[in-house]
Amino acid sequence: MAASISGYTFSSVCYHSANSNSDHEGFLLGEVRQEETVSISDTQISSAELLQVVEVHNHEPCAQLFSFYDYAGKVNDENLNRILKDRHKNVIGWYRFRRNTQQQMSFREQIIHKQLTQLLGVPDLVFLLFSFISTANNSTHALEYVLFRPNRSRYNQRVTLHIPNLGTTSQQEYKVSSVPNTSLNYAKVIKEHGAEFFDKDGVMKDIRTIFQVYGALQDRVQAVCGEVEQNERVKEKFQEEVNKLKQQIALRKQKSAEEERRLQEAQNPEQRPTPEENSEPLETSLLSRVVFHTPSTPERLGPSANPPSYADLLSLQDDSLLPSLSSPTSAALLPRPQAVGSPGHPSPSPLGLNPSPAPSPSMPYLGNGDGSSSDSLDRQAAGQEDDDEEEEEDDDDDSSEYENLVSEVAQLPPVTASVLAQGRPAALSPDGDASVLGSQTS
Amino acid sequence: MAVSAVHLESDAFLVCMNHALSTEKEEVMGLCIGEVDTNRIVHIHSVIILRGSDKRKDRVEISPEQLSSAATEADYRLADMTGRPMRVVGWYHSHPHITVWPSHVDVRTQAMYQMMDQGFVGLIFSCFIEDKNTKTGRVLYTCFQSVQAQKGSEYERIEIPIHVVPHEAIGKVCLESAVELPRILCQEEQDTYRKIHSLTHLDPITKIHNGSVFTKNLCSQMSAVSGSLLQWLEDCLEQNRKSIIELQLEKERLTQELATM
């Protein structure tokens, strides 16, 4: 089996994935062809081999996770049809983007895949897995992609994904000199009949024609580009309005929660707050934060908001956890992995990476990028995918701050801790330890 | 250090990826446009696709003319649209089939740019990498600057953290940069052909051959680049139409929720 995807579709998937702070998924639309290759060998006159060619034309991104399946992995046919609508018949596969995880299908993905195969009626449905991984200092990132054919036997499940491109439009093919020839006959014939190809200016007619085709195509590209640009602006405006409304709602909720708390305190002024009581409002606000954030569209900074500075980041994490949890709007200030990087100077990394400049790669897991197997490298990331907001680990240089988070969580009542523990992003450390970070619901 | 980190807007990242994936036979390059804030973070808002000035596969260098005209474009057109002063803050190029780390030439080139602007950063996109054993494809990107090594006058690379920052919609400038690619490719082909065409000692058969090569190359560009580009743009339109409808519904729902509170 051979598979291909256009560079533009591939980049588009990367773009949508980069915009999401959790896993990202969607459907692959295209067509599957059978190509026959005839080969002649000594033993057979001709043997025809059928090659299945999977061509991905475009993708249909899902706006959020769990849009067509639930937590148990059961696919909802109605939602599926709502997402796909009339593109139902063009689906040839689906894809998933996750960060810091192994390149294997998770159990949930496998059961979803089985159901999709049945519901969509595509016997050889493919699954494209994108996994994203970074160095500890975030200077280098890798996006790995594998195409699976899970409905096939256990072996040969992976298919090479080819990205067609300009490749060999070599300009070396122009000839700068003619083959030496003194034959008068040759010169005469080619001059007489070759003249057909040229117009009165000595320019080849073909060139004028193809140039017209190119010009018309480029004009159309510009026109459609203009339409897309307008569309993007409209979408942006709606997104801003939706974000503003969400903020207003969040503010109102916060205000009413505070009022309730003040009322309660006013009614019981004598009692000293005990740890359990103190954590009560915390628990409700925590739960409301959790409910607020999953599984709807993750809250994100508006386009005009600047990512927090590194100084802000460090001071936030130094403060205790409690104040930052009470107001949902301050959640926007918690570090978002994509928006914030670690300081540029080499920090004393406990992970044992050598941050000093060296011509040879300092990342043990990328090898030398020339296709050497990654199996030899220590990738012991736990295969757990986090379907809630899975985040890239930020501030890798100081993992002790995450330990603080974990100890804070441990003090809360068990109910809260279990809610938080639902999603635990697995941390990849090059030295092989899969340290589990306390979940950070932002 | 002059730069603490680089924040690359996701729509600029999209254009870089488009460009890097457009050919596996040679290195492509471009310039990064943006601004540097008071925390020494370089924000890249868009990129400009450049023509290769050196057709050698393993070298990418930007000519002074390209740099100057890009700077002008950054000043007028881009600053105009965003309302903030923008300038050339770095360069990017691709490493098809090769490791993402900059070569010695790259590090030297970067050092040269840093002489005129300390905050100039270099980005490299490595693509068309495949691990035959696991059938895994890879795309990598890295950010670096150059420093003088302690010993001798050689330059060394230093790693700069880079993050792709979400940008929900594709900016106008990025879209325009993306659709420049077919035009640039056609321009390059025309220039090469013009030089060949001016050779007068060629016999008609050779001229027909060359003309056909031009036609063939242009056809290749149209199908591999323009066609795919158009398909992607149409898909964007389709996806946006759906998103807009969903956003409208969500806006109504939220407005109602706010009214009842």
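Let me start in a loop: A:Ser153 sits in the stretch between strand S6 (140–148) and strand S7 (158–159) of chain A. This is a predicted model, so please keep that in mind throughout, for every value I mention is computed from it. If you follow the chain back from A:Ser153 to A:Met105, you cover 48 residues in sequence, and the two C-alpha atoms are 15 Å apart in space.

The loop between S6 and S7 of chain A also holds A:Arg149. Is A:Arg149 buried or exposed? The relative accessibility of A:Arg149 is 8%, and A:Arg149 therefore counts as buried, the limit being 20%. Leaving aside residues up to four places away in sequence, A:Arg149 touches A:Met1, A:Gln52, A:Asp124, A:Val126, A:Gln157 and A:Val159.

Let me step back to chain A as a whole. The secondary structure of chain A comes to 10 helices and 8 strands, and of its 442 residues, 48% count as buried. If we take the contacts in chain A with a separation of 6 or more, 72% of them are between residues 24 or more positions apart.

Now to the strands. Strand S2 of chain A, residues 24–39, pairs with strand S3, residues 47–61, in the antiparallel sense, and 14 bridges join the two. Within that pairing, A:Arg33 stands opposite A:Val53 in S3(A). S2(A) is also joined to strand S4 of chain A, residues 91–99, by 6 bridges, and these two strands again run antiparallel. Here A:His24 is the residue to look for, standing opposite A:Phe97 in S4(A).

Next, a pair of helices in chain A. Helix H2, residues 77–84, packs with helix H3, residues 107–120, at an angle of about 70°, and their axes are 12 Å apart. Because that angle falls between 65 and 115 degrees, H2(A) is described as roughly perpendicular to H3(A). The crossing of H2(A) past H3(A) is right-handed. Which residues meet where H2(A) and H3(A) come together? From H2(A) we have A:Asp77, A:Leu80 and A:Leu84, and from H3(A) they meet A:Leu116, A:Leu119 and A:Leu120.

The next residue takes us to contacts between the chains. A:Ser12 is found in helix H1 of chain A, residues 7–19, and with a relative accessible area of 3% A:Ser12 is buried. Not counting residues up to four places away in sequence, A:Ser12 touches A:His59 in its own chain, and B:Leu14 and B:Trp232 in chain B.

A residue on the chain B side also has contacts in both chains. B:Pro182 lies in helix H5 of chain B, residues 180–197, and is buried, with a relative accessible area of 2%. With residues up to four places away in sequence left out, B:Pro182 touches A:Tyr214 and A:Gln218 in chain A, as well as B:Gln221, B:Val225, B:Ser226 and B:Leu229 in chain B. One of these, B:Ser226, is 44 residues from B:Pro182 in sequence, yet their C-alpha atoms are 6.0 Å apart in space.

Staying with chain B, helix H3, residues 104–116, has 13 residues and reaches 19 Å from its first C-alpha to its last, which is close to the 18 Å expected at 1.5 Å a residue. The buried residues of H3(B) are B:Asp106, B:Val107, B:Thr109, B:Gln110, B:Ala111, B:Tyr113 and B:Gln114.

Finally, two backbone details in chain B. B:Arg40, in the loop between strand S2 (29–36) and strand S3 (41–50) of chain B, has a phi near 60°, a positive value in a residue other than glycine. B:Arg40 is partly exposed, with a relative accessible area of 38%. B:Lys135, in the loop between strand S5 (121–131) and strand S6 (136–148) of chain B, likewise has a positive phi, near 55°, and is not a glycine. At 28% relative accessibility, B:Lys135 counts as partly exposed.

How values were computed
Residues are numbered from 1 along each chain as its sequence is written. Chains are lettered from A and ligands numbered from 1 in the order in which they are written. This is a predicted model: local features need pLDDT of at least 70, side-chain atom pairs count only at pLDDT 80 or more; totals for chains, interfaces and linings use all residues. Side-chain values use heavy atoms; hydrogens and water are left out. Helices (H or I, at least four residues) and strands (E, at least two) are DSSP runs, numbered from the N terminus. The expected span of a helix is 1.5 Å times one less than its number of residues. Buried means under 20% relative accessible area, exposed over 50%, partly exposed in between (1.4 Å probe, protein chains only). Two strands pair if DSSP finds at least two bridges between them. Axes are lines fitted to C-alpha atoms, for helices over the stretch in contact, and angles run from 0 to 180 degrees between N-to-C directions. Angles under 35 degrees count as roughly parallel, over 145 as roughly antiparallel, 65 to 115 as roughly perpendicular and the rest as oblique. A crossing is left-handed if the near helix is turned anticlockwise from the far one by less than a right angle, and right-handed if clockwise. Contact means heavy atoms within 4.5 Å.
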